[in-house]
Amino acid sequence: MASEPTAAAGAPAPQPAAPRRRPPCVLSFSLARDRFLRRRFLSAGLRPFSIRLPSPAGAGTTVHVWAPPRPARRPVLLLHGFGASATWQWASYLRPLLAAGFDPIVPDLLFFGDSCTLAADRSEVFQATAVKAAMDAIGVRRFDVVGVSYGGFVAYRMAAMYPEAVDRAVMVCAGVCLEETDLAAGLFPVAGVAEAAELLVPNRPADVRRLVHLTFVRPPPIMPSCFLRDYINVMGSDHNQEKTELLHTLINGRKLSDLPKISQPTLIIWGEQDQVFPMELAHRLERHLGEKSRLVVIKKAGHAVNLEKDKEVCKNIVEYLREPILNALNGEK
């Protein structure tokens, strides 16, 4: 087995992650795909680690991370959105990032995949604190961060809380500028937090179909209920109550006036036909950040732009992160 990453001073040594335990499932497409994606991570040179955070702030908190055994090149932290574990959202990005000279580091956010906590805090601030502690534990002190959707909320908080650690940020369809009043105003396809939770934490095949049709411009033409039930049972049934609480904490009372302005150069990537977080939120974020930001709109793509147009999104990420810092700050192309 490959050697473990070196832990930061005062941080717990990361432990190799135990295999994910799932209920036995006969001819499970979702379980087979999960195993296939994990093999892709392993073949790219990443290894799974479970990092137990120290008390008291991290009491009962474990962050699961895929990372090179000894990160030696420019680290890029990839934060996933709602859905299955991180492997399902980032597998196609590993090889291009590695070829471009980056070390991808891919955690499961708390209550997704194999990351969990006994703490009651459901804020993106707590998520950001947990991920930063995991980065410290594997000895990575400076990095770029890329966040998709909910992962973008966490990435934004990390950039605000740890400016000495985060060099650049990439926000992919991350509606950090939303306000709770936007739901009642009809900006979103849902009218309240409860309906948003029902959409993003699906429990029935019909819920998954609705989510896919909202997030993809070209959803799969056929989605058999047996496959969708299998996905829910294998990948989408853990911590549903906690995930619902994450959404309530994220949206309740949210105001743009409370959002800090981050100092890092920031690339904003958005699907032109995003129905979950409409383009208005991309323009809000660009206005909020001013000259330090740049907006790239991906044509014929929706909210799941990171999956639907993965090659184009990855190309934009790589090109932006490889730019001289002055160009990124000035918003030059």
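## Exercises on charged pairs

**Exercise 1.** Take the salt bridge that Arg73 forms with Asp103, whose closest N and O atoms are 3.6 Å apart. Find where the two residues sit in the chain, and decide how accessible Arg73 and Asp103 are.

*Solution.* Keep in mind that you are working with a predicted model.
- Step 1: Check the distance. A salt bridge needs the nitrogen and the carboxyl oxygen to be within 4 Å, and this pair has them 3.6 Å apart.
- Step 2: Locate the partners. Arg73 lies in the loop between strand S3 (62–67) and strand S4 (74–79), while Asp103 belongs to strand S5 (residues 102–107). The pair links distant parts of the chain, 30 residues apart.
- Step 3: Look at accessibility. Arg73 has a relative accessible area of 38%, so it is partly exposed. Asp103 is at 5%, so it counts as buried.

**Exercise 2.** Which strands hold Asp144 and Arg74, and is Asp144 buried or exposed?

*Solution.* 
- Step 1: Begin with the contact. Asp144 and Arg74 form a salt bridge, with their closest N and O atoms 2.7 Å apart.
- Step 2: Place the residues. Asp144 is in strand S6 (residues 143–148) and Arg74 is in strand S4, 70 residues apart.
- Step 3: Judge each side. Asp144 has 0% relative accessibility, so it is buried. Arg74, at 31%, is partly exposed.

**Exercise 3.** Which helices are linked by the salt bridge between Arg284 and Asp182, and which residues make up its network?

*Solution.* 
- Step 1: The side chains of Arg284 and Asp182 meet at 2.8 Å, N to O.
- Step 2: Arg284 sits in helix H11 (residues 279–289) and Asp182 in helix H6 (residues 180–184), 102 residues apart.
- Step 3: Both Arg284 and Asp182 are buried.
- Step 4: Follow the shared partners. Salt bridges join Asp182, Glu280, Arg284 and Arg287 into one network.

**Exercise 4.** What lies around Asp230, and which backbone nitrogen comes within reach of its side chain?

*Solution.* 
- Step 1: Find Asp230 in helix H9 (residues 225–235).
- Step 2: Search for a charged partner. Asp230 is buried yet has no salt bridge, and the nearest side chain of opposite charge, Arg229, is 9.3 Å away.
- Step 3: Turn to the backbone. The nitrogen of Phe29 is 3.2 Å from a polar atom of the Asp230 side chain.

**Exercise 5.** How many salt bridges does a search of the whole structure find?

*Solution.* The count is 16 salt bridges, including the one between Asp144 and Arg74.

Technical notes. Residues are numbered from 1 along each chain as its sequence is written. This is a predicted model: local features need pLDDT of at least 70, side-chain atom pairs count only at pLDDT 80 or more; totals for chains, interfaces and linings use all residues. Side-chain values use heavy atoms; hydrogens and water are left out. Helices (H or I, at least four residues) and strands (E, at least two) are DSSP runs, numbered from the N terminus. Buried means under 20% relative accessible area, exposed over 50%, partly exposed in between (1.4 Å probe, protein chains only). Lys and Arg count as positive and Asp and Glu as negative; His and the chain ends are not counted. A polar contact is a pair of N or O atoms within 3.5 Å; within protein, one must be able to donate a hydrogen and the other to accept it, and residues adjacent in sequence count only if both atoms are side-chain atoms.
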